[in-house]
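Here is a short briefing to read alongside your structure viewer. Take a look at the sequence and fold below, and then we can walk through two spots together.

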Amino acid sequence: MANLESPYVIGSFVQLLNADNINFESTGRDSHTDLSNKISRLAKILAQPGWVQLQFSPLPLSALVQQKSAHIEEGAAAAAAFAAEKCFSRIRVFERREAPGGTWIYDPDPGPGLNLSPGGIPPLIDPPLEIPDALPRATSPNSQERYDRTPIYDSLTTNVPDIAMSFSDNRFPYGPFPPHWVPRQYIANYFSLHRTDSFLVLNTTVEDLSRLSGKEGWKLTLRRRDSVRHVDVWWEEEFDAVVIANGHYSVPYVPRVDGLDKYIRLFPEKVMHSKSYRNPQAHQGKRVLVIGNSASGHDITAALVESAQLPVYQSRRSPSRWDGDKPPSGIEWKPIVSEYLPTGDIVFEDGSVLSDIDAVIYCTGYKASFPFWNVQANGGPLWDYAENRLVGSYWHTFLRDFPTVGIVGVPRVLTFRSFEYQAIALARIFAGRSALPLPPREAQERWERERWKLVSREGRKFHDIPWDNGETMDWLRGLFDLAGLPLLEDRGRCPPVLGDETRWAIEHLKKYPEPGNESRDEEEGWTVLGGGAGLDSLHFI
């Protein structure tokens, strides 16, 4: 059985353990404002599927950071930020995988083919596990799909320049676009750099997060895989606050298309998601259709030219930033698919038909999943799948109805750097040292309302934050100003600057050539660009 005297952290949260009867009701101003003066003894920062536990003085707090196998780097940033405040007495990190690294952990074997559900959303295809009675206890190992294998393929490299992607206090060993094992090792080394690696608790997942009934705080139900005894160990812990830091790249999304459900049933070996792709050799001599042309669609299509039967077909809804007037050699562009027929034929929007396709690879992204969030206990969902956004959020980091919950990593902006700004701001707030208070509830509601109007008018996602129009800088500046400086006594981390060299790299160093950009120089597989592209510089993240 689990040793309950040793608190474990898992998943994707920062959680604060309630040691005293603290009233989090607002006292004359918004409850966020006085939060850090009211938080009790223990704090947890969870970053699914890993957590870190911290304690501090003069405010006797303990914090846990849980890291998720999709984005464990978020937990690394949170652990460093909270540890630097030097007011948390214990820090532990819970990671559902066997090592830190999150999405960047490479699984050579993608596992058995995923059961794809066109149009399916995580509450249906990634539901919560059934919690056993009478915890703590050990049970047979879970057999339900938890989407814990990563989408890393053999040839994957980063697509953000290393100077902008790496955390501010430690550069990647080389760049600008290193292979996938570099960020994987970097995350593990980052724990060692900040001496937070001793807090890691591996193979542990947060399976339920519920608001406590009748008092402030949160109850976590945790599950740890015991590989020696071949059992799952379950237990519960209670906390004051939570920071959720789970990633994006766990639950694959396949859009609904006429006939696709039946096509998958008739030809189950033909349709896959890019999460299960590893290399082009598996498609040697096959006729392949790739759906999508963002980063993974671009990489996979180009790689398949080396081994698949030519041409490799690529279905595009619209041109990407790096598409020219005509496709590269060996590739044929197609419009979006309108229907799959029981004969095996695939019909496109322009009326054209492909027959005898051997493999269809969907490079259509992922859906955020929060199976640990107890909808009933917490009064509603955390994520609105119809509008594709957090429910009741402010500044993409805070939750209006849950002043003791923060969230890191939802906007796909500058992975990993943007996580650092969010983590430092949250750490400063929970330590009671932020330079500015959060605005009152009414102002937070107004921000959410106005943002929804803006993105609806512009036809973009709520949490997409463009670079070229200055929105990314404004968002980071808001977190920068909120956190403020650390104490003179070396308490807390300084929110990083985004200097001239970094901003130049974001705008000019590109992984792929971009047609229409003059003044282009090729450098070792990457490109230095001028100006003139149509889509946002960071649209592919």
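Which residue in E10 is the bridge partner of Lys 219? That partner is Glu 238. Please keep in mind that this is a predicted model.

**Strand E9 and its partners**
- Strand E9 spans residues 218-226, and seven of its nine residues are buried, so the rest of the structure largely encloses this strand.
- On one side of the pairing, strand E8 (residues 204-211) runs antiparallel to E9, joined by seven bridges.
- Within this pair, Thr 221 of E9 stands opposite Asp 208.
- E9 also pairs with strand E10 (residues 231-239), again in the antiparallel sense, through nine bridges.

**The two hairpins**
- Six residues lie between the strands in the hairpin of E8 and E9, where Gly 214 adopts a positive phi near 85°.
- The hairpin of E9 and E10 has four residues between its strands, and His 230 in that turn shows a positive phi of about 60°.

**His 396**
- You will find His 396 in the loop that links strand E24 (393-394) to strand E25 (398-399).
- His 396 counts as buried because its relative accessibility is 2%, under the 20% cut-off.
- Its side chain makes a polar contact with the side chain of Arg 451, at 3.5 Å.
- Leaving aside residues up to four places away in sequence, His 396 touches several others, including Trp 447, Phe 462, His 463 and Trp 475.
- Ile 407, Pro 411, Gln 422 and Ile 465 are also among the residues that His 396 touches.

How values were computed
Residues numbered from 1 in each chain as written. Predicted model: local features only at pLDDT ≥ 70, side-chain atom pairs only at ≥ 80, totals over all residues. Heavy atoms only, no water. Buried < 20%, exposed > 50% of the residue type's maximum accessible area, 1.4 Å probe, protein only. Polar contact = N/O pair within 3.5 Å; in protein donor to acceptor, adjacent residues only side chain to side chain. Contact = heavy atoms within 4.5 Å. Pairing = 2+ DSSP bridges.
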